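Please look over the sequence and the model before going on to the points below.

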Amino acid sequence: MPRESYQERLDELREDVVAMGETVCDRLDDGIEAAVTGDDELAQSVIETDHEVNETYLALEDECTELLALQQPVAGDLRLVTASFKIITDLERVADLATNVAAYGGPEGGVHDAVDVRDLGERARGMVADAVAAYAARDPDACREIAASDDAFDERCREASEAVVRELLEADRARNAARDGPAPTDGEALEASLDEVSQALLAVRDLERVADHAVNIAARTLYMVENDDELIY
């Protein structure tokens, strides 16, 4: 293949990965909105269109495989192709998590009030968008900043999970006090309460995983740009 054509394919690969990242961020926006508002129609849209992201992933996976097999890239080109292959895997998983988050709102309304899903979701989404932008700009400093922000995000997730459990315990104590001591709990009410708490904890867990994938994208980008694996291991 002529060198110009080969370089064009590398440039197109980078552009396609960025476009996939933008699409995934849009799906995550919709998933967060569905979780916050309980918009079942929006949630179904996120879930039912996930196959489009999967198809994009498979097409880019094929392109990476073909470039590796037929062009045998070396040095920086090799790092670009292998990093892109890893990054599209993270993006596909973020899209899967977006479908999970969308489903947590449910037809009864949004996620438990103790969890600020919009705040956590927008922060996680911002990390993914920043990581994709760092990949597009080949910005190593941005990659390190994204990785450095992950501990603070994990702490927010921990606090949100603790708040949910704390509210559950306080609600249980209030029910017992109203009955003048421990008494059998209404089974349906308890089941509904536990289900709401479970959904909230799962939403927090999945948003934390979204942020982890953002760090993975940053780590692979740093390796691509500087041949530096400090964020990978």
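Which residue forms a salt bridge with Asp119? In this predicted model, the partner of Asp119 is Arg156, and the closest N and O atoms of the two are 3.7 Å apart. Across the whole structure, a search finds 14 salt bridges, and the points below describe some of them.

**Between helices H5 and H1**
- Arg125 and Asp29 form a salt bridge in which the closest N and O atoms are 3.1 Å apart.
- Because Arg125 belongs to helix H5 (residues 117-137) and Asp29 to helix H1 (residues 3-37), the pair ties together parts that are 96 residues apart in sequence.

**Around Arg144**
- The side chain of Arg144 meets that of Glu230 in a salt bridge, with an N to O distance of 3.2 Å.
- This pair links distant parts of the chain, with Arg144 in helix H6 (residues 140-148) and Glu230 in the segment after helix H8 (187-226), 86 residues apart.
- Salt bridges that share partners join Arg144, Glu226, Asp228 and Glu230 into one network.

**Exposure of the partners**
- Arg156 is partly exposed, with a relative accessible area of 34%, and Asp119 also counts as partly exposed, at 26%.
- Arg125 is partly exposed at 23%, while Asp29 counts as partly exposed at 31%.
- Glu230 counts as partly exposed at 42% relative accessibility, and Arg144 counts as partly exposed at 28%.

Note on methods: Residues are numbered from 1 along each chain as its sequence is written. This is a predicted model: local features need pLDDT of at least 70, side-chain atom pairs count only at pLDDT 80 or more; totals for chains, interfaces and linings use all residues. Side-chain values use heavy atoms; hydrogens and water are left out. A salt bridge is a side-chain nitrogen of Lys or Arg within 4 Å of a carboxyl oxygen of Asp or Glu. Helices (H or I, at least four residues) and strands (E, at least two) are DSSP runs, numbered from the N terminus. Buried means under 20% relative accessible area, exposed over 50%, partly exposed in between (1.4 Å probe, protein chains only).
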